[in-house]
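Biologist: I would like to learn how to read a structure like this one. Please take me through a few features, one at a time.

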Amino acid sequence: MPAASQIKALIVDDQSSIRQVLANSLAQLGFMSIAQRKDGKEALEYLDQNPTHLVISDFNMPVMDGLALLRAVRGNPKIQKVAFIILTSEASRDLVQDAVKAGVNNFLAKPYTVAKLREVLEKVFGPIT
Amino acid sequence: MSGDMGDILLVFFQECDEQLQELERGLSALSDGESEQETINAVFRAVHSIKGGAASFGLENLVRFAHVFESSLDGVRSGRVAPTQDVVKIFLKAMDVLSDLVVEARDGGPSVDPGRIAESQIELESIIGGNAEAHKTDDVVPSDFVPIPMDFVPVPMDFEPVPVDFGLDFGFDPAPVQAPAPLIVTFCPHDAMYARGDDARNILIGLTDAAVAVEGGEITVTCDASALPPFDALEPDRSYLSWRAVLPAEVLEDTVQSVFDWGGDVCDFTISREGDPASEGGEAIAATDAQPSGETPLDVAPPEPAVPALAETSSAVTAAQATPAVSRPDAIQPAAVASGANGANVRRTEQATIRVDLPRIDNLMDLVGELVIAQAALESQCRRNNASMPRELGECIASMQSLTRDIQDAVMAVRAQPVRSVFQRMQRVVREACSMTGKDVVLTLEGEDTEVDRTLVEKLSDPLTHMLRNAIDHGIEKVEDRLAAGKPAIGHILLSASHRSGHILITIKDDGGGINRERVLATAIKRGIIAPDAVLTDDEINNLIFAPGFSTADTISNLSGRGVGMDVVKQAILSLGGRITIQSVPGNGTVFCLSLPLTLAVLDGMLIVAGGATMVIPVSSVVETMIIKPQDTYVLPDGKKMVSIRGDCIPLVPLGSELGLSAAVSDEPRDGAVMLIVENESGARAGLVVDEIRDQAHVVIKSMEKNYRRIPGVSAATILGDGSVSLILDAPALIASAVGRINTKLSDARAVLAA
C-alpha cells in the first residue's frame, strides 16, 4: 500500500499538453516525483539513470513508440520491474494484444478522469494513499 | 484541474498549429508522389495527436471529425488503401476543415459550416468504404484483460539517496576511460572567502556556465558535508563544505581556471581529468590540509570510498544527469546544478526552445529602439559640447554604437520567423481558388526558410492571398485556352522568397496569359483613370491594375473581389514600407515582385539637408552620391532637368523645391551641388539635388500613418539624436514623381512640410 508521494513516475508522450494534463492529475493524487519525456528513446535514457516505479506511456510517438519502449523495458533486467501503463485510444485497438503479450501492467483509456486514473493505478499498486 | 488548465489549453492549441503544419507538410509530400511509410505515419500521428488532446479537453466537435479523419488515414497507414492523388485531395480538404475546427475550438468564433464537415466526413468514409467506427475508447481493452499488480519497493525521495533497490546493479563498467576524460574540479572555500563577501555559489555558477557552454553539456556537483559538526558545535562564520564537480570532457582546463580568477586565492581547488591520479580525492584533501590550520577548521573526512565510486559512475554516464549511487549517502548529496536543481533533469529535452509571450519581445524591441535614439543623442551631445572630443570618449561612443547595433540585430533575430507558415497557408488558398474556378493549378514554394520580422510575416498573408487569387482567377487561362496555346493543362504558380541586400524579395510568378494591355488600357480610359489620349509605356499600363477602382474582370467574380483587389494589395505593401512591381509578357505569364524591408522598426538612413530641413533617405535606395558638373546638365523643352551620368540621362530633382521648401531659391543646380542617385526596384533612377549630406544613422521608424496620415513621397518619420523630428523620404515615390507621368502628387508633402 504505497503512498502516492513515494511513487516515482515517468510520463512519456510526444504532446506536451497531454503530459501536463497527466502530470496535473498525478499531482492531484499526491504524486511528488513526476518526470516527463517525449518519446521512448528519451524515456529509456531517463529510466537507465533514474530509479522509477511507474511509467505511463502513449502508444503513438515519433522515434520510438510506446510498444517498443515497453519491450525494451521488459528486456532490460535493470529496469524491467517498473510498472508500465499504456494510454489507449480507439486507434490503438490493434496494439492492445501486443502490449498484453509484452507485459503491460494496465491500460488507461483516453480521455480519462482523475478517478479513473486512480482506479487504474490501484489495480497495479494496491490502494494508494 | 484548476487554473493551470487554461495555460495547458494554450499549449495544446500551439501544438495543434504545429501538428497542422506537420500534416500539411506530410500531405504535400504525398501529393508530390512520395509514399514513404514515415511520412504516412507522421500524417497519421498529427491527426491522432490533435484528437487525443482534444479528447482530454472535451472538445467534442474536434474529436469527432479528427476521429473520422484518423480512421481514413489509418486505412492508408495499414496499407488497405493506396494514397492516390484523389485520396490525398480528400485528405487535404479534410485538413482544411480540421484546421478550421481547431480555430473554432480556440476562438469559439463563427462555427464551421456543418455541411462542409459532413461532406468531408462522407468523403473520408468513402475512402475506407463505410462508416468509421463510432468514437469510443472504453472497450479498446478486451474485457478479459487482468491488470498485473506490481510489488512496490519504495525508493526514498531525492536527497536521501540510498542504493537503488531493484535488486539489480547499475551495470556500470569501470572499464578504461575514453580520452578526453571528463574534467573534475574540487574546491573547498576558506573562511576568508565568506568573510570577504564572496560565495561558493559564484564559483558553482561559473563552473555551470562553463559546462553548459558545451553543446548538451551538463555538470554534476556533489557537496561534501562530512566536515559539518553537530549543530550545537556549528560556527556560523566558518566554512565547512567542499564541492566536487564533474564537467563535460570538452571543457578546457583554462576555462575552469579562469572561473577561479576571482576567489581562487581564498579557496583550495584542483582541476584534473578523470582517471588522472590528481582527481582521486586524496589530492584535493592534501590541498585542504595544506591550508594554514588556524584558518581551516575543516576536519574533512577523506571521502575515500565515496569519491572513487563517484568517479566510476560519472565516467559511465559521461557527466550527464546522474543521481550517482554513492556508498556514503549521509555525507554526500548529489545535486544537478544545470538549470536549477531537479528541473534540469525533467526539463532537459525542452531546453532547445522556449516559448515567450509576444508582448515581451515587442516591448524589448521598443526599448531597443529607444536605446538607439538615446545612443544617438549621447553621441551628438558629446560632439556638440566637445569640439575636440577626447579620443577615449570617442572610442567609448564607437564601441557603444556597435554594441547597440549588435543588440538590435540580436533582438531582430529573436523576432525573425521563416515565411514558411504563411507560404504553406497559401497552398490552401490555391486549392480553394482552384475549386471555385474549376482550374487546375499547382503552387510551388521556394525559399520558405527565408526569415523576416514576425510582424511582417503576419501582414504578408492578406496581400499574398489576394494576389494568388488574382493570378488564378485572371492570370491562369481556362484549360481549353491553355491547351490551345500549347501549354500544359495544369497551371503553375511559383511563390518564392529570398533576401536581397537588406530587403526580402517575394515573387509570384504564374504561367498564365499575361496582362492584356489593350483591355487594361481601354478599361482605364473607360473608368476615367487616364485621359483618352494618354500615351503610356507597357510598364505604366501594367501598373494601371493597381489604380483604385480598377477591374478588368468582365464579370465580377466571386473570387478576386470587386475591383478593389490589387489596389488594396498595393496599399498593404506600401504601408509595410515595401514596393510592388509587375512584369508581364503576353501569353507567357506575369511576375509580381514584392520588395519588403526586413523589419518595420529601424532603417539605415542617410541624413541630408535640403531647403534647410534635415531629412533621412534610406541608404538602401541610394545608389551613389556625386558632385554635379554643370556641363552634364540639360534642360528639356518642358523645363525638366536631366543630368548625364556616364552616358545615361536621368531626371534631376531639386529636392528642396520639389518638397516646396526652397521655392524661392533658383532651381538651377549650383555648380558643385551634391546629388544622390536613387533607384527603385525596376531600375528607374533619378538624381536628388541636396544642400548637404550630413551623416549616416540608424534611425527608428515612427509611422506617419499612425500619427497623421499617409503622405506621398514620405514613408515615415524619425527622431534624430538631437531630439528633432525628421521625415524619412520615400525615394521611389520621388523617382516616380520625377519621371512624372503616373499621378503621384507631392502637394500633400508640401502642405505638411510648410505647416
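Modeller: Start with Glu540(B), which counts as partly exposed because 17 C-beta neighbours lie inside 10 Å. A residue is buried if 20 or more other C-beta atoms lie within 10 Å of its own, exposed if 12 or fewer, and partly exposed in between; C-beta atoms are placed from the backbone. This is a predicted model: local features need pLDDT of at least 70, side-chain atom pairs count only at pLDDT 80 or more, and totals for chains, interfaces and linings use all residues. Residues are numbered from 1 along each chain as its sequence is written, while chains are lettered from A and ligands numbered from 1 in the order in which they are written.

Biologist: Where is Glu540(B) found?

Modeller: Look in helix α18 (residues 538-543) of chain B. Helices (H or I, at least four residues) and strands (E, at least two) are DSSP runs, numbered from the N terminus. Glu540(B) lies 9.9 Å from Arg517(B), C-alpha to C-alpha, with 23 residues separating them in sequence.

Biologist: Is His48(B) buried or exposed?

Modeller: His48(B) is buried, because 28 other C-beta atoms lie within 10 Å. Its place is helix α2 (residues 37-56) of chain B. An unreviewed UniProt entry gives "modified residue: Phosphohistidine" at His48(B). Such annotations may be inferred rather than shown by experiment; positions follow the numbering used here, and feature names are shortened.

Biologist: How do I read two packed helices?

Modeller: Two packed helices are described by the angle between their axes and the distance between the axes. Axes are lines fitted to C-alpha atoms, for helices over the stretch in contact, and angles run from 0 to 180 degrees between N-to-C directions. Here, α4 (residues 85-107) and α5 (residues 114-127), both of chain B, have axes that come within 10 Å and cross at roughly 145°. By class, their contact has seven nonpolar, one polar and three charged residues. Ala, Val, Leu, Ile, Met, Phe, Trp, Tyr, Cys and Pro count as nonpolar, Asp, Glu, Lys and Arg as charged, and the others, Gly among them, as polar.

Biologist: And strands?

Modeller: In a regular strand the side chains alternate between the two faces of the sheet. Take strand β22 (residues 714-719) of chain B: five of its six residues are buried, so the rest of the structure largely encloses it. Five bridges join β22(B) to the antiparallel strand β23 (residues 725-729) of chain B; two strands pair if DSSP finds at least two bridges between them. Ile719(B) has Val725(B) as its bridge partner in β23(B).
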